[in-house]
Amino acid sequence: MRRPKILILGAGYGGLMTAVRLQKMLGQGEAEITLVNKHNYHYQTTLLHEIAAGTGEEGRICLPIKEVIDVGRIRFIKDTVLEIRAEARQVILCHSGSLSYDYLVVALGFESATFGIPGVAEHALSIRSLNTAKRIRNRLEKQISAYAASGTQGEPFAVVVGGAGFTGIEFMGELAEQVPNWCVQYGLPRQRIRLISVEAGPGLLPGFPSVLSEYARKSLERRGVEFCFHTRIRAVDARGVLIEGQDGEKRIEPATVVWTGGVQGNSLVCGSAFPASRGRIPVTPDLRVADYDNVFVIGDCSAVSAPGSDRPFPPTAQMAVLQALSCARNLQTLVRGGKDLEAFAPKLKGAIASLGSHDGVGLIMGIPLRGKMATVVKAIVDSRYLFMLGGLRLVFRKSKLSAGISG
Ligand code: FAD
């Protein structure tokens with residue numbers, strides 16, 4: 001009998017965890033599993049802000065995909081997906097031709113949502129992948145060194161971060177730690193570099209209790225971060241940015257803008273291969289696309305709501321991993337001829353935002369955390385993820401906890 005073909009697109013949080021689970025849950029002869037990813041490594045997207053600020057090491061957040069998958073059980077193809085032809089059950093790759101499938105798992109992650117703000121797509125930087133994160137770090141350091149070399153007359157150099165959500169605040173936390181180092185290195189007084197967080201809403205880290213977001217604001221302000229709430233980025237160009245707050249418009253120049261103001265699912269699939277709503281593909285409770293009962297969409301490309309609600313859960317790594325576990329169980333059922341798929345019912349544990357390497361805020365199972373304790377719990381959460389992927393061996397090689405233990 002022909003083995004069903006399972007094709008997984010993307011080896012981020014959702015795709016790689018689906019693959020690792022399936023290799024444990026299905027017998028050798030039960031299915032032909034293929035995983036496709038742009039790169040031959042997996043990176044922890046949740047730590048990219050450290051790479052972007054130059055405080056984190058690439059080696060710690062990346063791991064070769066072939067180290068966690070069993071290549072005897074899963075065929076890995078390093079290639080870029082160009083198109084999904086859902087009617088023909090075919091995926092077109094950039095270099096390796098096309099692949100057919102019986103079951104498809106789409107886990108191609110996110111891209112920036114720029115809301116049509118002039119110049120954001122062309123001139124602002126965004127933290128989307130390992131490569132874009134490295135570009136940000138290189139650009140910032142180059143600009144700061146050039147600014148120092150120019151004699152620093154006139155206005156201070158500003159790093160403007162658009163959006164004070166999770167990504168923007170975690171990135172600010174790292175910048176607040178790194179900029180003093182760059183100032184020493186290039187002989188600049190710290191006051192010559194401004195760190196400005198611009199947020200359209202009334203505060204930072206929406207979704208967190210106000211006592212925690214206030215803690216985060218004060219922690220960052222103490223380290224020189226300026227906040228502009230109720231303020232929108234109106235336009236970005238090569239030299240600076242135009243912002244508009246309650247006092248009217250203001251230009252900040254010279255400035256580099258890092259845009260973290262919104263994400264949407266990968267446009268390769270969202271709104272093209274499958275219909276999307278607000279940039280993500282609505283999925284049925286068992287994580288499939290309506291009218292395509294052999295296609296699962298998980299992670300940031302998907303919009304999935306709690307039973308009885310029409311508000312999708314926010315896209316997070318935690319959500320992508322939980323979806324992967326549920327998707328793998330549903331694929332096992334289908335491959336074995338079953339029909340009763342489980343409805344996705346995540347038990348969310350909470351969230352922790354880092355504010356640099358020594359500070360953070362979080363709410364875990366209703367318990368508020370701040371300071372060093374938040375960073376320790378965040379490291380435990382990251383280690384748990386590594387454990388699920390590759391057992392203790394991976395935890396010892398990659399996690400911050402093991403770095404702490406080994407000094
Ligand atoms: P990803 O993990 O982004 O994986 C997508 C994969 O698809 C990547 O490997 C990519 O290379 C690959 N890919 C993309 N396009 C193609 C293509 N055309 N062909 C082949 N491969 C392709 N969430 C949390 O829960 N907690 C946090 O603390 C947190 N912090 C964050 C900090 C930052 C700086 C950022 C940017 C995000 C953070 N998030 C956090 C959100 C979280 O990272 C995402 O929700 C999560 O990565 C989504 O997982 P995914 O599998 O959908 O996509």
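Q: A residue is buried if 20 or more other C-beta atoms, placed from the backbone, lie within 10 Å of its own, exposed if 12 or fewer, and partly exposed in between. Is Met-365 buried or exposed?
A: This is a predicted model, where local features need pLDDT of at least 70, side-chain atom pairs count only at pLDDT 80 or more, and totals for chains, interfaces and linings use all residues. Residues are numbered from 1 along each chain as its sequence is written. Met-365 has 8 other C-beta atoms within 10 Å, so the residue is exposed.

Q: Which class does Phe-115 fall into by its C-beta neighbours?
A: Phe-115 is not a glycine, yet its phi is positive, near 55 degrees. Most residues other than glycine have a negative phi. Because Phe-115 has 13 C-beta neighbours inside 10 Å, its class is partly exposed.

Q: Which residue does a cis peptide bond join to Glu-253?
A: Most peptide bonds are trans. Here omega is about 0 degrees, and the partner of Glu-253 is Pro-254.

Q: How many charged residues are in the shell around the ligand?
A: The ligand is surrounded by 35 residues, each with its C-beta atom, placed from the backbone, within 6 Å. Asp, Glu, Lys and Arg count as charged; Ala, Val, Leu, Ile, Met, Phe, Trp, Tyr, Cys and Pro as nonpolar; the others, Gly among them, as polar. The shell has 15 nonpolar and 17 polar residues, and its charged residues number three.

Q: What share of the chain is made up of buried residues?
A: The chain has 407 residues, and its C-alpha trace spans about 75 × 45 × 45 Å along the principal axes. The share of buried residues is 44%.
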